[in-house]
Structures are given as structure tokens and as C-alpha cells.
Amino acid sequence: MSKKELLVKGLKNKDESIKLTKWMISVIKPYSRYVVYIFIISVISMVISYASTIIGKYVVDDATKGEINFKNMMFMCGTTIVSILIGIGSTILSNYINEKFSFTLRTKFFNDIQRSVWLDVSKYHSGDLVTRLTSDISTISDSLISIIPNTILIVFQLVISFCILFYYDKPIALFALIIGPIGALCMVIFKERYKKYQAELRQTESEYRSFMQENLSSLTVVKTFQKEDDNEIQMEDFRRKRLGLVYKNSKLSSIMGALMKLVYSAGYVIAFCWGSYRISTGDITYGTLTIFITLVSRVQGSISGLAGIIPQYYSMMISAKRICGVVDLKKESYIGATQMPEKVGVKVENVDFAYDREMILNNLSFEAVPGEKIAIVGPSGTGKTTIIRLLLALTHPNNGSIKYILDDKVAELASPDSRRYISYVPQGNTLLSGTIADNLRVGYKDATEEDMNRALRMASADRFVSKLPNGLDTVLSEKSGGLSEGQAQRISIARALIGNKPIIILDEATSALDEKTEASVLKSITEEMVSKTCFIITHRRSMLKYCDRVIELDEEGGITIKPISEYAVNTN
């Protein structure tokens, strides 16, 4: 890499570090008073510790004279007890603040992710997002709560220790100050390699968590295709890769620690020898020697503490970068509209859409009037689900427009706010953990028991739900454990119908239902929801007889829109 490239890279890293540091300061700012509390408690503990050290000098000096000063001894005992009590209080306060801070961060960033543009969020694996919201936020929280007060405290401790040493012996004070940075230099030398290992460790953590989450959530598929052995091999690969990184990181940390210990041990030995020499010349007392040893250790410990903050800072910066990578995603724009018209139509004009330059839809135009039932058919991969995502404003057209016509008067561009008009039944099992009632209230949070029973009846789910031991209060586990696919699908349909929205979207919503149950559900929708606009994605010809028009997509990108009377398919 050329000097110019290295300079550009260095400036870029510097700008990024400044940006991340500013972001972290803004995050910790609301909790600054708690950080101050921790700092004050630590200062009190430090002052008591120094007082105990100085009093210890006089206890030792008295002992060498054959005297015992009970007041000083009692003072030392008292300060020890107080230090222990302060330590307990400080730990409790720190843990409380840490948990409050970290959970607040998780809540904030979880909400940020929810409100980000769907297409951007979908590029991340859910396991990776969970790792960022747990491990990375824990690292940021632990570091921010401790780095600021600890840095200030260490500087105070360094200054006070140096001043006391300087008062008793100038040469030993200067020696302690000089030898300390030599130990700190050990950390600086290895910082780039340390940062590299930390980043790789975070990445591997995301990878194996994502792998475990994905396979545990799809355990049926794993068992069906007998993937247990393959998954075991994959986990072993993750284990080897991660253990290799942990070994390298531990070896590096051990080398840095050994070098620092070597420097500080040398400092301790020199301080001890110097103090012994000063005793032999009668310049100092044994008590003063104890101060030498204690304070030299604290000066070096302070500098060591500052050096130890460096890797903690790097870890925090790596985690902050991972969090900001998600938080900086573009947010959806809401205008806060609350109007709910009785009838809503849809007007799609000259819409083009492409994923990563691959054209999916080309010049799509149609209009759905209120009450119209439209089927969307075609082979897989031709853009059926893309149309639904466009209607839901999860993605947006590259060209053209999608408008909602409210009560035949007002035209509103598709946006996150327009989702309030839509009830949606996506493909697959999308029920959440909780009771059946909880799942139904996702569609309408103020639903009464009467509302729920009506929706279940329309979805042909009322009979089997009433036979469950706890009825609406039956608890569903993840992936609606305990229910068949058909039963779960009917509850999903009921969840969509309960809100009484003007538009209903069914994406292969009856694929797990038998023909009789499917007919019953669609008959309820067409007869009891006459004014509702309905889009039905399906591969079943039997569903087309409930529709007014068909939008057919083909593999060459062609789009055909016909009334059902002209659609050349036997719908019986």
C-alpha cells in the first residue's frame, strides 16, 4: 500500500473514530449524573485508601519503636470496613446503572431497526441483529459506564500518588513516573493486532449465533432432511475457528500482560532496594518504606489501568461501529395519518421495479376499485410477492406510482402510513408466541371476545379453537407449536379479518387448507366483506372463481390483466 493510500486510510479511520466517539458521548449524556455518582463514590474510596496507607506508616514506625498506637490501628480497621461497605454499594449501583443503560439502549435500537426501511433491514441475518443488540450493546454499556469515571479516577490517583511520593522522596517519584509509560507502551505496540482479533471474534459470534438460530427455528426441516450430522460438523468448524481466534487473542493478551508485569516487577524491586538503602543510611523509616512500595505500585497500577482502558476502548469502538451500521439505516417516513375511510381502491401506474438491477416488474398498471377481488398468479420468481411488498410500501417503485383512492375522492401515495388500510396474511406460519387471543389482537388491539369469535368463524377456525382446553387463552409456543399448519393458517386469516380493514391481502393464505375449508373461508370473505378490496396470490385455480380479475405474470416479464370471464382457465 502506497504512502498516499495509507494516509487516506488513516484519515478515514480518524474521522470514523471521531464520529463514533461523538455518538457514544451523545448516548451516555442522559446518564451522566449516574456516572458522576460512581465517580464520587470511587473518589471517596480512594481518599480513604490513601489515608489508610499514610496512617499505616505511623503504625509501622510506632511498632519499630516498641510502641502501639491503638487509635491509628482502629482507624486502619475502620477505613478497611468502610472501604468494603463502599465497594458493596458501588457494585450494586454500577450493576443497576449498567442494566438500566444497556436495556434502554437495546429498546432504542430495537425500535430503530423496526422503523428502518424493510429492504435494508432484510439484508441482515436476524441472528446477527440479535448479537448486535445483546453482546455488542453489553460491551458498549460496560465500557461507557466504566471508562469515563475510571479514566478520571486513574489520573487523579496517579497525580496524588506522585505528589505524596515526591514529598517523601523525589528520585523514587520520578522513577515511578518514568517506568510506568514503558509498561503502557506494550499495549500501544500491539493495538492494531488486538483490534483485528476483536473484530474477527465479534464476526464469528454473529455467524454461529445466526447458524444456531436459523437451524433451531427450522428444526423440522433439519430432522426431515437428516441434517443433524452436517450441522454438527458446521458447529465444529465454528468452534475451531473461534477457538483459534480466542487462542491468538489470549496469547497476545498474555504477552502484553507479561511485558507489563516484567516492567512493573522491576519497578517494585527497584523501589524496595532504594527504600532499603535509604533506611540503611537513616534517611527514612520503615513506615516510609511501606509508603514507597505501596505508592510506587499505585503509580504503576494507575498507568497500567490507563493502558488497560485502551483495549476496552477498542472493543467498545468495534461494537459501536457494528451498532451504528444498523442504526444508520434509512428510517421509514411516517406522517402520522389516522384517517380510516370506509372504502379504499388502488391505482398502480407504470410501475417498474428491480432488485440489484434485475428487472422484476416492467410498466405494471392496473386499478382496483373498492370491493373488487383480484387474483395475482404466475410461476415462482415472477414478481407476485414483489407487488404485495410495493402495496405495503415495504419497497418502492423505481419508476411509476402506487396510489390509494380514499372513498373515491382523495388519492394518497403508498407509504408506511397507508398500511393502516391493509390486513395481510403472509406466506408460512407467522403466528407469535402467546395466546390465540394475543395473536388475534395483533390485528386489532382493542378486539373484544365477540370480535375474536366473529373473525374465527369467518376463518373457519371457531370450532377447533372452542374445543381447545383453554379456548382463546390457549398458549402457543414458537411456530404455533401444538397446532397443525392448517389451523395456524386459519388463525392468521382471522387475525387479518378482525381489524375490518378496507383492503385484504392473502399471500398463499389457504395453501394448507383442504378444498372445503378453503371454499368456506373465501365465501365468508366475498359475502361478508363485499366492500373490501382483496388481493389474492395463489397457485390454486379453485380460488379464481371468487375473483373478479386476474393479473398474470410470466417468466419473460410479461403482464396480462383480464376479467375472470375472459381468463382462459377452468376455475371449477
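Which residue of β9 does Ile422 stand opposite? In β9, Ile422 faces Ile503. The structure is a predicted model, in which local features need pLDDT of at least 70 and side-chain atom pairs count only at pLDDT 80 or more, while totals for chains, interfaces and linings use all residues. Residues are numbered from 1 along each chain as its sequence is written, and side-chain values use heavy atoms, with hydrogens and water left out.

Helices (H or I, at least four residues) and strands (E, at least two) are DSSP runs numbered from the N terminus, and two strands pair if DSSP finds at least two bridges between them.

Strand β9 (residues 503-507) runs parallel to β10 (residues 533-537), to which five bridges join it. Bridge partners in this pair include Leu506 with Ile536 and Asp507 with Ile537. Strand β9 is largely enclosed by the rest of the structure, because five of its five residues are buried (under 20% relative accessible area, with exposed over 50% and partly exposed in between; 1.4 Å probe, protein chains only). Both faces are covered, with Ile503, Ile505 and Asp507 buried on one side and Ile504 and Leu506 buried on the other. Together with helix α16 (residues 515-528), β9 and β10 make a right-handed β-α-β unit; right-handed means that, with the strands pointing away from the viewer, the path from the first strand over the helix to the second runs clockwise.

Seven aromatic pairs are present in the structure. Rings of Phe, Tyr and Trp (its six-membered ring) pair if their centres lie within 6.5 Å, and planes under 30 degrees apart count as stacked, over 60 as edge-to-face and the rest as tilted. The rings of Tyr31 and Tyr34 form a tilted pair, because their planes lie at 35°, with centres 6.1 Å apart. Tyr31 is buried at 10% relative accessibility, and Tyr34 is buried at 13%. A further tilted pair is formed by Tyr404 and Tyr421, at 5.8 Å centre to centre and 55° between the planes. This pair links distant parts of the chain, 17 residues apart: Tyr404 lies in strand β4 (residues 399-406) and Tyr421 in the loop between β5 (410-413) and β6. Both Tyr404 and Tyr421 are buried. One aromatic cluster comprises Tyr31, Tyr34, Tyr37 and Phe101.

Ser210 is located in helix α7 (residues 191-217) and counts as buried at 8% relative accessibility. Residues up to four places away in sequence aside, Ser210 touches His125, Gly127 and Asp128. The side chains of Ser210 and His125 are joined by a polar contact of 3.4 Å, defined as a pair of N or O atoms within 3.5 Å; within protein, one must be able to donate a hydrogen and the other to accept it, and residues adjacent in sequence count only if both atoms are side-chain atoms. A polar side-chain atom of Ser210 also lies 3.0 Å from the backbone nitrogen of Asp128.

Notes: Contact = heavy atoms within 4.5 Å.
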